[in-house]
Amino acid sequence: MSVPIAVIGAGIIGARHARLAAAEPECRLVALVDPAPAAAELAAELGVPHYAEPEAMLATETPEGAVIAVPNDLHAPVGIMCAERGIHLLMEKPVAESVAVGRSIVEAAERAGVAMMVGHHRRFDPALEAAKRIVADEIGGLIAVSAMWSARKPDPYYEVAWRRQAGGGPVLINMIHDIDALRHICGEIVSVYAETVPSRRGHPVEDTAAVVLRFASGALGTITLSDAAPSPWGWEAGTDDNPGIAASGQNCYRFVGATGSLDFPNLTLWRHQGEIPGGWQLPYVSEQRPLGERDSLAWQMRHFCRVVRGEEQPRVSGRDGLATLAATMAVHHSASSGGPVSPDK
Ligand SMILES: NC(=O)c1ccc[n+]([C@@H]2O[C@H](COP(=O)([O-])OP(=O)(O)OC[C@H]3O[C@@H](n4cnc5c(N)ncnc54)[C@H](O)[C@@H]3O)[C@@H](O)[C@H]2O)c1
């Protein structure tokens with residue numbers, strides 16, 4: 001049985017979701033909701049009804065699942081409205097603009113007995129799972145990780161008002177993906193210390209951040225982020241998983257352990273020839289692990305269909321997405337308080 005799905009919000013990411021839902025055999029797109037004229041055109045192209053407001057769509061259609069891809073501060077009103085109608089949620093990240101608001105959506109979904117997934121689609125990337133296994137089993141225990149995301153967003157990206165306002169900067173838009181990936185591979189984050197720099201374009205958001213993380217295991221991590229500096233180092237450039245971002249094939253994370261280290265996403269495992277406790281004088285040997293096919297956003301949509309049918313549990317539940325949001329908000333809290341903070345539970 002194909003699952004009836006509505007896509008609410010048809011901007012950069014919502015339009016991709018709509019096309020994927022229309023093409024996915026396990027669901028059928030029953031409505032596209034967005035007041036923008038481009039959304040009406042996309043709905044016509046895909047042959048589905050178009051609505052300007054979620055209320056109007058809900059008065060007519062009966063989707064079983066909704067993909068919510070509206071600006072962050074509308075996640076709560078739209079998500080709670082859908083949950084209260086018994087509609088399962090695929091909520092884009094971040095869950096909401098704050099942990100408290102995000103919790104209200106998660107609790108509304110729990111009260112209504114609907115499933116809630118959060119759109120951290122990188123969890124569907126096969127390199128992420130491979131890295132998790134290698135870091136757990138093959139580098140002698142994680143000691144530290146260094147992550148980088150730097151790209152220059154084109155100026156028209158910031159013509160959309162919500163991206164210039166608090167919460168629309170690259171910490172909550174981009175770094176949240178890296179924090180989620182690192183939580184998945186390295187375990188829970190217990191402390192965050194951060195410095196941020198205000199936007200050089202003059203918007204009231206940050207454009208650059210440097211972050212120190214401590215994981216529950218005792219391992220340390222750093223993340224360098226900027227959306228003002230062109231570079232080949234970032235998840236999308238390295239994995240080529242976003243048609244809107246140029247591919248570089250370069251690595252964006254480096255994991256180091258007691259007996260070896262791993263470049264990501266190319267999955268090159270580095271060790272010394274010979275036994276530890278030998279060290280830096282020993283020649284290096286490297287081995288590239290096979291990389292599988294990737295189509296994360298499409299696989300997330302298929303998984304959502306199975307979650308709606310009750311066949312699978314959400315790979316990234318509302319509570320899991322909330323923990324990623326809490327660690328990400330800790331970046332802002334640390335930058336404004338000037339000291340390390342624990343993510344808000
Ligand atoms: N998973 C990812 O990789 C990814 C990528 C980009 C954005 N996002 C997230 O997706 C969400 C949307 O981001 P975007 O970049 O696509 O934003 P966007 O501004 O391009 O699109 C948002 C759309 O929502 C529409 N909208 C506004 N109010 C609405 C309402 N009441 N009902 C229906 N539609 C409404 C707008 O007209 C707009 O078309 C954000 O939460 C963002 O963080 C996730």
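**Entry 1: a strand trio**

I started in β13, where L269 is the bridge partner of L262. This is a predicted model, in which local features need pLDDT of at least 70 and side-chain atom pairs count only at pLDDT 80 or more, while totals for chains, interfaces and linings use all residues. Residues are numbered from 1 along each chain as its sequence is written, and side-chain values use heavy atoms, with hydrogens and water left out.

I noted the rules for strands before going on. Strands are DSSP runs of E with at least two residues, helices are runs of H or I with at least four, and both are numbered from the N terminus. Two strands pair if DSSP finds at least two bridges between them.

Strand β13 covers residues 268–272 and runs antiparallel to β12, with three bridges joining them. Their hairpin has three residues between the strands, and L267 there takes a positive phi near 55°.

Then I looked at the other neighbor of β12. Strand β11 (residues 253–257) pairs with β12 (residues 261–264) in the antiparallel sense, over four bridges. L262 turned up again, as the partner of F255.

**Entry 2: the six-strand sheet**

Next I looked up an open sheet of six strands, and I wrote down its order as β3-β2-β1-β4-β5-β6, with parallel pairing. Which strands sit at the edges? They are β3 (50–51) and β6, each pairing on one side only. I checked the β6 end: β5 (residues 88–91) pairs with β6 in the parallel sense over three bridges. Across that pair, L90 stands opposite M117 in β6.

**Entry 3: around the ligand**

I then looked at some atom distances. A backbone N or O atom of I12 is 3.0 Å from a ligand oxygen, and a polar backbone atom of I13 is 3.0 Å from a ligand oxygen. For W162, a polar side-chain atom lies 2.8 Å from an oxygen atom of the ligand. Taken alone, the ligand exposes 840 Å², and the protein buries 84% of that.

**Entry 4: salt bridges**

Side chains of opposite charge can pair when their charged atoms come close. My cut-off: a side-chain nitrogen of Lys or Arg within 4 Å of a carboxyl oxygen of Asp or Glu. The structure holds 24 of these salt bridges.

I picked R294 and D125, whose side chains meet at 2.6 Å, N to O. R294 lies in the loop between β14 (284–288) and α9 (296–308), and D125 in the loop between β6 (116–118) and α6 (126–137), so the pair ties together parts that are 169 residues apart in sequence.

Is D125 buried or exposed? I use buried for under 20% relative accessible area, exposed for over 50%, and partly exposed in between (1.4 Å probe, protein chains only). D125 is buried at 0%, while R294 is partly exposed at 24%.

I also checked R200 and D207, with their closest N and O atoms 2.6 Å apart. R200 is exposed at 60%, and D207 is buried at 3%.

Notes: A polar contact is a pair of N or O atoms within 3.5 Å; within protein, one must be able to donate a hydrogen and the other to accept it, and residues adjacent in sequence count only if both atoms are side-chain atoms. Accessible areas come from the Shrake-Rupley method with a 1.4 Å probe; for residues, only the protein chains shown count as cover.
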